[in-house]
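This report looks at how one chain is divided and at the contacts its parts make.

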Amino acid sequence: MLLIRCPYCEEERPELEFRNAGEAHIARSANMAGESDDDFEKFFFIRSNPKGIIYERWRHMHGCARFFNAVRDTVSDRFLLTYKAGEPKPAKLPGASK
Amino acid sequence: MAKAAAKKSAAAAPSVERRPALAGQELSATGVTLAVLPPAERISLRAPDASVAALSKALGVTLPQKPKTSAAKAGRTALWLGPDEWLVIDEVGKVPLADCAEVTVLHSAVVISHRNVAISVTGPAAAATINSGCPQDLSLDAFPVGAASRTILGKVEIVLLRTASDAFRVECWRSFSDYVFTFLSEAARDAAA
């Protein structure tokens, strides 16, 4: 079982308590009605789905119930870093291979 | 006359009749005992940092601010569930909602007394029993006496509180209580073996 560090509970908890909530750092337009169809499609449907480092939202569903962000390697499934929701994308990743 | 008497007793009875789930169920296995705890008053409390001091004063118990902790005073326990969320359990029949109602600071308090059922798991094999369905580390280092956490047991969500080194209080939703008690009963037999 994976252990995921919840930045609000400040400790590692078993993965069963968590839910994935899609890609992180997708900014919603302030003027949604003025979006072109192409821009809306990009915002709403198109996800990066990289092989390697991905920034995701996770929720500590059966714990503190808070959303937070996590950096995960999709190849090894290793969590490199987790940080609170609203914090900027970390510039430096610990233990990143590339 | 009989009519008047009936009216009087109806007025004296509580407005909501309480029908405890699992009432009186018990199970003893080697090293662990399960018991359904008596009904209690509970609220789900949400409040920002600025309101915590005033609410703590009104409730008579300091709302814990550290993750996975709880505070207890005079039969009332406040469990930290999230950064702005607490479960307050009163076992002596006082209504925590009434205390919150006197507070003017921003908060949300919802009575969930009848939503939850509490099961006590006691004995040297208590941690092993709960660990059969709960993936958290329940060693005394990681989950000391007084530690509290929302977590899962088997397929359902529970709130777990360690009341002594060999005693836990398992709070679950009433509709899940049958599942939880059966799950713990099976686990208790395994832990005993």
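## Domains of chain B

Chain B is divided into domain 1 (22-39 + 115-193) and domain 2 (40-112), with bounds that come from an automatic or database domain assignment. Taken over C-alpha atoms, the centres of domain 1 of chain B and domain 2 of chain B are separated by 23 Å. This is a predicted model, in which local features need pLDDT of at least 70 and side-chain atom pairs count only at pLDDT 80 or more, while totals for chains, interfaces and linings use all residues. Residues are numbered from 1 along each chain as its sequence is written, and chains are lettered from A and ligands numbered from 1 in the order in which they are written.

## Contact between the domains

Twelve residues of domain 1 of chain B are in contact with ten residues of domain 2 of chain B, where contact requires that C-beta atoms, placed from the backbone, lie within 7 Å. On the domain 1 side, the elements that give two or more residues are β8 (116-122), β9 and β10 (156-164) of chain B, the strands being DSSP runs (E, at least two residues) numbered from the N terminus. β9(B) gives the most to this side, with three residues.

By class, the domain 1 side has seven nonpolar, three polar and two charged residues; Ala, Val, Leu, Ile, Met, Phe, Trp, Tyr, Cys and Pro count as nonpolar, Asp, Glu, Lys and Arg as charged, and the others, Gly among them, as polar.

## Contact between the chains

The contact takes twelve residues from chain B and 13 residues from chain A. On the side of chain B that touches chain A, two or more residues each come from β5 (76-82) and β9 (148-153) of chain B, and β9(B) gives the most, with four residues. The residues of this side divide into five nonpolar, four polar and three charged.

Methods. Two residues are in contact if their C-beta atoms, placed from the backbone, lie within 7 Å.
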